[in-house]
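Thanks for coming. I will go through one structure today, so please have the sequence and the model open.

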2 protein chains.
Amino acid sequence: MAKAIYKKKIKPVILITNDDGVSAPGIKALVQAVKDLGKVVVVAPDKPQSGMGHAITIGHPLRLSSVEIFDEVEAYQCSGTPVDCVKLAVDKVLHRKPDICLSGINHGANHSINVIYSGTMSAALEASIESIPSIGFSLLDYSIEADMSGAAYYARLLVKQLLGKKINKHLCLNVNVPPAPKELLKGLKLCRQAYAKYEERFDERNDPHGKKYYWLTGEFQNFDKGKDTDVWALEHNFISVVPVQFDLTNYELKARLQKVITSKL
Amino acid sequence: MAKAIYKKKIKPVILITNDDGVSAPGIKALVQAVKDLGKVVVVAPDKPQSGMGHAITIGHPLRLSSVEIFDEVEAYQCSGTPVDCVKLAVDKVLHRKPDICLSGINHGANHSINVIYSGTMSAALEASIESIPSIGFSLLDYSIEADMSGAAYYARLLVKQLLGKKINKHLCLNVNVPPAPKELLKGLKLCRQAYAKYEERFDERNDPHGKKYYWLTGEFQNFDKGKDTDVWALEHNFISVVPVQFDLTNYELKARLQKVITSKL
């Protein structure tokens, strides 16, 4: 994998990954949108990895192979999760940290609680943990034929804007784009993650041998009426931008718990 | 799965899961420690699921079957991830939300950045998302023969203490226990998540057919010198207790980014 070592840094190195797999239209649209802004290298899963969250592969080894999918762009497919892709790209493909890591464009929403389950956003968060600024892009359209032009347009503008500035090394943005024509999009809106979740129920079926199995289904419910949330922004045709972090400490609860939990039981 | 419907709530319902699998010694120690504090029901993965993070199973269906592993305790194994176990337990086993969800006792550390990769903690966080107070327990000893007695003792004390109080429905505690004899443990200490991570490198090997494969390895590095962190507490033989949350919004960065990202590009 030595050919990806960049001894002279002329252009910023842009690592691109996703969770829909290296052959998904969304990653193609993202590569196309930013390929002239830097040296783009793709390391993405060799199969769909939606809902993989921050899973890593520890029980078995990973495979990595080059693929020719994108015009004039070095690309690899990896047998692991989106987070594995980021780790492997840094150690075995780039042999350095890229200047920025982009993930997506995801086919489907990653606003509100989805950020927790999303392979797309976990790849971006992994980059942020490794001190690589990152952005995850998602389009609120699950269709494989979704029109990516609006999302790609704003992805390019945002990346261009950020590359021109000194970026916080832990910057991680969760960008979601409404499923509307580009001309109807109202621009970027900084938001907080809405308190919204899925009310799950499992579809119970019997296999041909009479044994039960369960399909995860559920309905999205927004419990958050704030106008500063990603869900609100998306409902009003804004592109939501939520800065996310990997420190999960609940500082407010920590302060309150001092009274409840005695230091010595 | 109707036998687990509790029409009359006499004792609190305690859901127990883990990521090492239903047959791991850690979950047995946890069940044993708290089984007289309520009606315990176990729904845990049918195989090890370490490092699965917040992964959910969406591309294929799940299996669920009862197992007789624990004395006088209803238990099920599930073919999915730890997060799947929590979802399935609520919808198809308990048919209600349990009063508390416990996860563990994990064989290995889940302090600092481990919380992000951990199936144990993701199961607890999933419960918290579903408004079920939860605690994940981990022992800093990866061995299958690890001495769980100290961890089990403090798990029991903590659960007993919390069940006697009105608990915040989103309470989620990440509890890590040092690998020391019970008498050397200094008690519980409320902490924040340390900024510490793994410096990964992949071990590159060739298979018998000459094709490369990669094993994830890495060294733990603590970049955080604070004395209020979980890593500090564990190094000083305290049991670290970090309240964690599922709102990943980085509010500080959000405020700062208003100047950088224009609302309309």
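I start with a term: two residues are in contact if their C-beta atoms, placed from the backbone, lie within 7 Å. This is a predicted model, in which local features need pLDDT of at least 70 and side-chain atom pairs count only at pLDDT 80 or more, while totals for chains, interfaces and linings use all residues. Residues are numbered from 1 along each chain as its sequence is written, and chains are lettered from A and ligands numbered from 1 in the order in which they are written.

Setting aside neighbours within four places in sequence, A:Arg192 is in contact with A:Asp228, A:Thr229, A:Val242, B:Thr249, B:Tyr251 and B:Lys254. A:Arg192 sits in the loop between strand E8 (188–190) and strand E9 (196–206) of chain A. Helices (H or I, at least four residues) and strands (E, at least two) are DSSP runs, numbered from the N terminus. Along the sequence, A:Arg192 and A:Asp228 are 36 residues apart, but from C-alpha to C-alpha the distance is 6.2 Å.

Is A:Arg192 buried or exposed? A residue is buried if 20 or more other C-beta atoms lie within 10 Å of its own, exposed if 12 or fewer, and partly exposed in between, with C-beta atoms placed from the backbone. A:Arg192 has 22 other C-beta atoms within 10 Å, so A:Arg192 is buried.

Now the two chains together. How many residues of chain B are in contact with chain A? There are 64, and they meet 64 residues of chain A. The side of chain B that touches chain A has 36 nonpolar, 15 polar and 13 charged residues. In these classes, Ala, Val, Leu, Ile, Met, Phe, Trp, Tyr, Cys and Pro count as nonpolar, Asp, Glu, Lys and Arg as charged, and the others, Gly among them, as polar.

Next, a pair of helices in chain A. Two packed helices are described by the angle between their axes and the distance between the axes. Helix H1 (residues 25–34) and helix H5 (residues 149–163) of chain A pack at about 45°, and their axes are 9 Å apart. The axes are lines fitted to C-alpha atoms, for helices over the stretch in contact, and angles run from 0 to 180 degrees between N-to-C directions. Angles under 35 degrees count as roughly parallel, over 145 as roughly antiparallel, 65 to 115 as roughly perpendicular and the rest as oblique. H1(A) and H5(A) are therefore oblique to each other.

Which residues meet there? From H1(A) come A:Ala29, A:Leu30, A:Gln32, A:Ala33 and A:Val34, and from H5(A) come A:Ala152, A:Ala155, A:Arg156 and A:Val159. By class, this contact has seven nonpolar, one polar and one charged residues.

H5(A) also has a buried side to look at. The buried residues of H5(A) are A:Ala151, A:Ala152, A:Tyr154, A:Ala155, A:Leu158, A:Val159 and A:Leu162. An α-helix has 3.6 residues a turn, so residues three or four places apart point the same way. The elements covering the buried residues of H5(A) include H1, strand E5 (100–107), strand E6 (134–139), strand E7 (172–177), E8 and strand E11 (239–243) of chain A.

Over to chain B. The axes of H1(B) and H5(B) cross at roughly 45° and come within 9 Å. That makes H1(B) oblique to H5(B). In H5(B), the buried residues include B:Ala151, B:Tyr154 and B:Leu158.

Last, some backbone details. The peptide bond joining A:Gly104 and A:Ile105 is cis, with omega about -10°. A:Ile105 belongs to strand E5 of chain A. In chain B, the bond from B:Gly104 to B:Ile105 is cis, with omega near -5°, and B:Ile105 is in strand E5 of that chain.

Two residues other than glycine have a positive phi. A:His95 has phi near 55° and lies in the loop between helix H2 (82–94) and E5 of chain A. With 13 other C-beta atoms within 10 Å, A:His95 is partly exposed. B:Ser112 has a phi of about 45° and is in the loop between E5 and helix H3 (114–117) of chain B. B:Ser112 is buried, as 29 other C-beta atoms lie within 10 Å.

That is my list; questions are welcome.
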